[in-house]
Amino acid sequence: MGYEEENDYLMLSGIQHFQFCKRQWALIHIEQQWEENVRTVEGQYLHRNADQPFTREKRGNKLIVRAMPVKSKELKITGICDVVEFIQDDNGVEIHGAEGRYAAYPIEYKRGKPKLNDADVLQLTAQAMCLEEMLLCEIDKGYVFYNEIKHRMEVPLTEMEKNKVRSIVAEMQDYYKRRYTPKVKTGTFCKNCSLQNICLPNLMKKRSVKSYIEGKINE
């Protein structure tokens, strides 16, 4: 993938921003009105929290891969899977450097608790779609671990969710190509947005976008 082509890829993690507020996503990913580039911030965070990117650990019939880079040429998105568990399965796919066949299951770790919207499910679904394209397989479920409740939730990855990801990413790509920042109706949810200083500058004091991005990654 060439440098220019890679720059056309959107960050998979932006799906969460987009689901919270399309304008917020555009302010972060299109206008980039801050000192640190969003890719740099996410890269620094991942580097601090992974001793070595793309590490493998074998446990019985399970191969655990951490900080696995993923991308989709179809969707033109790229990102990092916190963990991908490969479970030995005769109907699975071959993994380079490992004996046998494996079924793949993405696992996303969140600092908080389950959200009221479907942002976490869609982010996990997008990760699975990247893995499906890269590994030439089908993935029908994944997991989200919420640290606040210390619970790992199984998430069915249905075709309905995958179609929703395709629709959302297509809209994101359209806005990005046009460099369009949509207007949205304000509401109580605006109080939970750390970009009020840019979107609604009179409502709160400025907080660094680096701090905001790291907070969203940690959720």
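Student: How far apart are the end C-alpha atoms of helix 6, and what span should its 20 residues give?

Tutor: The end C-alpha atoms of helix 6 are 29 Å apart, which agrees with the 28 Å that its 20 residues should span at 1.5 Å a residue, where the expected span is 1.5 Å times one less than the number of residues. Helices (H or I, at least four residues) and strands (E, at least two) are DSSP runs numbered from the N terminus. This is a predicted model, in which local features need pLDDT of at least 70 and side-chain atom pairs count only at pLDDT 80 or more, while totals for chains, interfaces and linings use all residues. Residues are numbered from 1 along each chain as its sequence is written, and side-chain values use heavy atoms, with hydrogens and water left out.

Student: Which residues of helix 6 are buried?

Tutor: They are Glu161, Lys162, Val165, Ile168, Val169, Met172, Gln173, Tyr175 and Tyr176, with buried meaning under 20% relative accessible area, exposed over 50% and partly exposed in between (1.4 Å probe, protein chains only). Seen down the axis, these buried residues fall within an arc of 160 degrees, so they line one face of helix 6; the arc is that of the directions from the helix axis to the C-beta atoms. On the other side of helix 6, Met160 and Lys177 are exposed.

Student: And at what angle do helix 5 and helix 6 cross?

Tutor: Their axes cross at roughly 90 degrees and come within 9 Å, the axes being lines fitted to C-alpha atoms over the stretch in contact, with angles running from 0 to 180 degrees between N-to-C directions. That makes helix 5 roughly perpendicular to helix 6, a label for angles of 65 to 115 degrees, whereas under 35 counts as roughly parallel, over 145 as roughly antiparallel and the rest as oblique.

Student: Which residues meet there?

Tutor: From helix 5, Val121, Leu122, Thr125, Ala126, Met129 and Glu132 meet Glu161, Lys162, Lys164, Val165, Arg166 and Ile168 of helix 6, contact being heavy atoms within 4.5 Å.

Student: Switching to the largest nonpolar core, which members touch the most others?

Tutor: Of its 39 residues, Trp25, Met68, Ile77, Phe86 and Val165 do, a nonpolar core being a set of buried Ala, Val, Leu, Ile, Met, Phe, Trp, Tyr and Cys residues joined through side-chain atoms within 4.5 Å. Helix 5 gives the largest share of this core, seven residues.

Student: How many residues of helix 3 are buried?

Tutor: Eight of its 10 residues are buried, including Trp25 and Leu27.
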